[in-house]
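Here's a quick tour of one protein model, made for reading alongside the picture. Have the sequence handy and let's look at a few spots.

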Amino acid sequence: MNSLILSVGARFLTALFLLFSLFVLLRGHNSPGGGFIGGLIGAAGFVLYSFAAGVEAARQALRVDPRAIGVWGMAIAVLSGLASALASLDPFTGLWLILADLALSTVLVFDIGVYLAVFGAILTLVFALEETL
């Protein structure tokens, strides 16, 4: 597309969408949000950028094949769910690792995996659809 306003605005909005998607991802455990909606918001930023600059420019800005992002996200989500099985607990039971004042959980790791899986799946679908048009 040859719109100056869209091409300039898309660069700014893509960064804003990505930051907001990370906020929603990290906020999602105790409040509305999480990996799924965060991944959708992040993908929406790149979809907007691909509308403005083209699919090839969006792929170059992403620097990683979206299919690989989706596969890694699924792997992370499954591994975080199976971590509790190694501790002889039910699958997807939340485990916590306390490091000084920082508490990390498998729930957060699962949400990150879902974020990446949704992000990769949506971008794979949209990029494929845009390339066929």
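In which helix is the place of S84? S84 sits in helix α4, which covers residues 66-86. Keep in mind that you're looking at a predicted model.

**S84 and its surroundings**
- S84 has a relative accessibility of 0%, so it counts as buried; the cut-off for that label is under 20%.
- Who's around it? Setting aside neighbours within four places in sequence, S84 is in contact with L89, D90, P91, F92, T93 and L95.

- Helix α1 runs over residues 4-27 and helix α5 over residues 106-132, and the two pack at an angle of about 145 degrees.
- Their axes are 10 Å apart, and the crossing of α1 and α5 is right-handed.
- On the α1 side, the contact is made by L18, S21, L22, L25 and L26.

- L97, L99, L102 and L104 make a nonpolar surface patch of about 350 Å².
- The elements giving two or more residues to this patch are β1 (96-99) and β2 (102-105).
- Take L99, which lies in strand β1: its relative accessibility is 45%, so L99 counts as partly exposed.

Notes. Residues are numbered from 1 along each chain as its sequence is written. This is a predicted model: local features need pLDDT of at least 70, side-chain atom pairs count only at pLDDT 80 or more; totals for chains, interfaces and linings use all residues. Side-chain values use heavy atoms; hydrogens and water are left out. Patches are made of residues with over 30% relative accessible area and no salt bridge: like charges are joined within 9 Å, nonpolar side chains (Val, Leu, Ile, Met, Phe, Trp, Tyr) within 5 Å. Accessible areas come from the Shrake-Rupley method with a 1.4 Å probe; for residues, only the protein chains shown count as cover. A salt bridge is a side-chain nitrogen of Lys or Arg within 4 Å of a carboxyl oxygen of Asp or Glu. Helices (H or I, at least four residues) and strands (E, at least two) are DSSP runs, numbered from the N terminus. Buried means under 20% relative accessible area, exposed over 50%, partly exposed in between (1.4 Å probe, protein chains only). Axes are lines fitted to C-alpha atoms, for helices over the stretch in contact, and angles run from 0 to 180 degrees between N-to-C directions. A crossing is left-handed if the near helix is turned anticlockwise from the far one by less than a right angle, and right-handed if clockwise. Contact means heavy atoms within 4.5 Å.
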